[in-house]
Every structure is written in structure tokens, then in C-alpha cells.
Amino acid sequence: MTETSETGGTTGESGTNDEVWIVGATGRVGRGVTARLAARGLKVVPVGRSRERMAAAAAEAGLPGDAKVVVADSAERIAAEIARERPRVVVNTMGAFAATAPVIARACMPGGHYVDQANDVAAVEGLLALNDEAVRAGSTLVTGAGFGVLATEAVVAKLCDGRPTPHRVRVDSVASVAVAPGVLGAALAAGIVGVLTSGGRRYENGRLVTSRLGADPRQLTFPDGESAKSAGVASGELVAAHAASGAPFVTATSGLVPTAPLIRALLPPLGRLLSVPALRRLAVDRLGRIPVKPAPRPREHSWGHAVVEWTDGTRREGWLRADDGMDFTADVTATVTELLARGGGRPGAWTPAAALGTDLATTAGGTFILD
């Protein structure tokens with residue numbers, strides 16, 4: 001059953017009202033985005049499965065006691081409510097973006113806008129494939145609006161600005177995140193299983209090809225002297241780095257991928273096992289229920305890193321420094337959403353820096369360190 005309150009926004013010339021809907025408003029990113037947008041004076045509407053939990057999220061964000069909430073228990077039902085009520089911007093934090101993003105984004109059109117934090121190849125490419133539809137509809141769709149994608153995409157764009165197309169690009173994403181008590185959660189569990197089942201990817205001669213998950217393990221030393229390991233992964237950062245640079249050879253690594261030799265050897269067979277639909281669903285369910293204990297972030301900063309090389313031997317390197325990776329993600333999503341709600345952006349489907357420029361990263365609290 002789908003319920004909504006009777007309070008609605010004012011419909012404008014675009015056919016949308018002045019509301020911003022936050023799908024998954026009880027999760028960490030959803031709560032952070034809801035609070036940030038409410039503090040900036042936007043009309044925020046929590047969206048999710050439980051009226052009680054949505055009301056609690058609204059209260060935590062400082063919304064009035066009679067604030068509107070939308071209760072819907074699937075992407076399809078959420079899409080039906082979006083098509084009926086026409087919010088100006090919809091923020092999707094519910095996860096499983098490869099499945100949920102096209103359904104919800106299409107419901108925003110025409111005229112409405114869409115934002116998510118996807119960071120896997122299938123989800124990012126799937127949303128970007130809606131570009132022509134979005135242009136015709138006058139809607140802006142932004143995927144990867146978080147530390148994942150933006151922290152490396154913005155560095156690549158900075159290093160390539162005003163220069164010829166490079167030959168090779170490598171990006172490395174190493175977030176540092178404080179762990180809150182609770183359970184791992186369905187969205188994060190689905191993301192972890194998705195990484196395992198998709199394996200590795202890289203661009204060779206301009207084509208996206210399969211590679212081994214966990215390939216090219218690296219020891220990164222950050223500008224502040226701290227260090228961490230990373231390894232190859234199929235990610236939204238890879239897609240965004242290729243689009244931002246045009247380089248024919250692009251690789252991406254992540255600090256989330258295990259680098260120990262034994263574990264790396266087990267990743268491919270585990271991924272094949274979890275590709276069985278029933279086992280994948282079971283793994284997501286069980287993983288999402290795992291309790292987690294509070295822990296401080298392992299390093300002071302989160303880092304996005306890029307190395308860009310040209311055929312003449314020129315090499316440039318750069319970093320983006322942020323604080324807690326999840327907090328930065330909430331800041332990025334809130335900033336993108338506010339810009340779209342207030343008339344910024346341009347029609348089409350984009351990654352964040354492509355949509356709104358590299359300054360988005362500094363507006364959200366990041367700092368560039370470029371050679």
C-alpha cells in the first residue's frame with residue numbers, strides 16, 4: 001500500500017512542484033542529505049517503506065511535526081508517486097542503483113531532476129544511457145554524486161583541462177569512513193556483492209574490457225604522509241575518468257578491494273558463485289544484517305587520486321583531499337540537489353563534475369592538491 005500526506009507543493013511552469021524527495025531518508029547518506037537540505041530552506045520530503053521511520057527522519061532533520069512523508073515499498077511504487085505528484089528533484093539513496101535508478105529517473109521526466117550516489121559500472125552506464133531522453137524531457141540526471149566518482153573525476157578533469165587528449169589515466173579512490181553502530185544495511189551489502197559479481201574492468205584502446213578483480217595492487221602514500229593499499233575494481237570512477245579524459249587506456253583502483261594475495265585469489269571464484277541469483281539474494285540479505293560496531297575513521301582524510309600521461313612523456317598527478325568519505329558524499333549530494341532545485345544544471349544525464357564543474361568538489365569541502 002502506498003500512502004502520501006495531503007500536503008503538496010506548488011506546481012510551476014515546468015510541471016513540477018517545489019519539493020525535493022529523499023528516497024531512503026533513514027540511511028546514513030539519506031539522513032545527512034535531508035538535514036543539509038532542510039537547513040538550506042528547501043521543502044524536503046522523506047520517502048521510504050515505513051511511515052514511522054520517515055517521520056523520525058523528518059524530526060531528526062528539524063522538519064516540522066506535520067511535515068509531509070511519502071510511504072512506498074518499491075522502486076516501482078515510488079516511481080508511480082513521483083509521476084503523480086511531480087517533485088522538482090528526487091534523490092535516490094536506496095541502493096541497487098542498476099535496478100532502481102532507471103525506474104525512478106524516468107518517473108522524474110519531463111521537467112523533474114534526479115540524483116544518486118551510484119558507483120558501479122552497470123549503474124553509472126545505465127543512467128548515462130538515458131541522456132537523450134533527459135535532453136528531450138528538459139531533465140537533469142546526475143549519477144555518482146558522492147566521494148565515489150567525484151573525488152577522482154574532478155582531479156582528472158583538472159589535470160586534463162586545456163591539454164590534448166592523454167594516452168593513459170589511472171585513478172585511485174581511498175575513502176576513510178567512521179563506522180556507526182547498527183547493521184551493515186541492504187544498500188551497502190548489495191554494493192559489496194555487486195563488486196564481487198561484476199569482477200574487474202579497464203579501458204584498453206578505448207574499449208571497456210574485463211580484467212581480474214583485485215588486479216594491480218598498489219601501496220599509495222598520500223600527501224599528508226599516511227598510506228593505504230588499493231587494487232583494481234570495476235567502478236563508476238573508471239567510467240567517469242574515461243569520459244573526462246578521452247584517454248584510450250584507463251584503470252581504476254579502490255581502497256575497498258582486498259590486496260592480500262590469498263584473498264585476491266579467492267575473489268574470482270566467489271564472484272562466480274554469487275552470480276547465481278538465489279545465492280546473490282541470500283548473500284545480500286545475510287550481509288545486510290551483520291551487526292557493526294562503532295569505529296573511528298582509519299585515516300584523517302579520504303583521498304581521490306589521478307595520474308595522467310601523454311604520448312610525449314608528460315605526466316601529471318593530482319589529489320583531492322576530503323574528510324569522512326560518507327560525510328563528503330552527503331555534502332556532494334546536497335550541493336548537487338540544491339543547485340538543481342534552484343534552477344542550475346543542464347538537461348541530460350551526467351556524472352557530477354561533467355554536470356556542474358570541478359568546483360563542485362571544493363564547494364562540498366574537498367581540497368585539490370595538483371602538481
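**Close-up views of a predicted model**

At 35% relative accessibility, leucine 270 counts as partly exposed; the class runs between buried (under 20% relative accessible area) and exposed (over 50%), with a 1.4 Å probe and protein chains only. This is a predicted model, in which local features need pLDDT of at least 70, side-chain atom pairs count only at pLDDT 80 or more, and totals for chains, interfaces and linings use all residues. Residues are numbered from 1 along each chain as its sequence is written, and side-chain values use heavy atoms, leaving out hydrogens and water.

**View 1. Leucine 270 and the nonpolar surface patch.** Leucine 270 sits in helix H10. Helices (H or I, at least four residues) and strands (E, at least two) are DSSP runs, numbered from the N terminus. Leu270, Leu273, Val276, Leu279 and Leu282 form a nonpolar patch on the surface. Together they have about 380 Å² of accessible area. H10 and helix H11 (277–288) are the elements that give two or more residues to this patch. Patch members have over 30% relative accessible area and no salt bridge; like charges are joined within 9 Å, and nonpolar side chains (Val, Leu, Ile, Met, Phe, Trp, Tyr) within 5 Å. Accessible areas come from the Shrake-Rupley method with a 1.4 Å probe, and for residues only the protein chains shown count as cover.

View 2. H10 covers residues 261–274, 14 residues in total. From first C-alpha to last it reaches 20 Å, close to the 20 Å expected at 1.5 Å a residue. That expected span is 1.5 Å times one less than the number of residues. The helix bends by about 35° at leucine 267. Proline 268 follows within four residues. The bend is the angle between axes fitted to the seven residues ending at a residue and the seven starting there. Which residues of H10 are buried? They are Arg264, Leu267, Gly271 and Leu274. An α-helix has 3.6 residues a turn, so residues three or four places apart point the same way.

View 3. Aspartate 327 pairs with arginine 28 in a salt bridge, the closest N and O atoms being 3.5 Å apart. Aspartate 327 lies in helix H12 (residues 325–341) and arginine 28 in helix H1 (residues 28–39), so the bridge ties together parts that are 299 residues apart in sequence. Both ends are partly exposed: aspartate 327 has a relative accessible area of 34%, and arginine 28 has 28%. A salt bridge here is a side-chain nitrogen of Lys or Arg within 4 Å of a carboxyl oxygen of Asp or Glu. The whole structure holds 19 of them.

View 4. Glutamate 133 and arginine 106 meet through their side chains at 2.8 Å, N to O. The pair links distant parts of the chain, 27 residues apart: glutamate 133 is in helix H6 (residues 131–137) and arginine 106 in helix H4 (residues 97–108). Glutamate 133 is partly exposed at 27%. Arginine 106 is also partly exposed, at 41%.

**View 5. A salt-bridge network around Arg84.** Salt bridges link Glu19, Lys68, Glu81, Arg84 and Glu85 in a network. Within it, arginine 84 bridges to glutamate 85, the closest N and O atoms being 3.3 Å apart. Glutamate 85 counts as buried at 15%.

**View 6. Strand S16 and its two partners.** Of the 8 residues of S16 (residues 302–309), 7 are buried, so the strand is largely enclosed by the rest of the structure. Strand S8 (residues 168–174) runs antiparallel to S16, joined by 7 bridges. Strand S17 (residues 315–322) also runs antiparallel to S16, joined by 8 bridges. Two strands pair if DSSP finds at least two bridges between them. The hairpin of S16 and S17 has 5 residues between the strands. There, glycine 313 takes a positive phi near 95°.

**View 7. Backbone exceptions.** Most residues other than glycine have a negative phi, and most peptide bonds are trans. A cis peptide bond joins methionine 109 and proline 110, with omega about 0°. Proline 110 lies in the loop between H4 and strand S6 (113–116). Alanine 96 has a positive phi of about 45°. It is found in the loop between strand S5 (89–92) and H4. Valine 149, in helix H7 (residues 147–160), has a positive phi near 90°. Valine 149 counts as buried at 0% relative accessibility, whereas alanine 96 is partly exposed at 42%.
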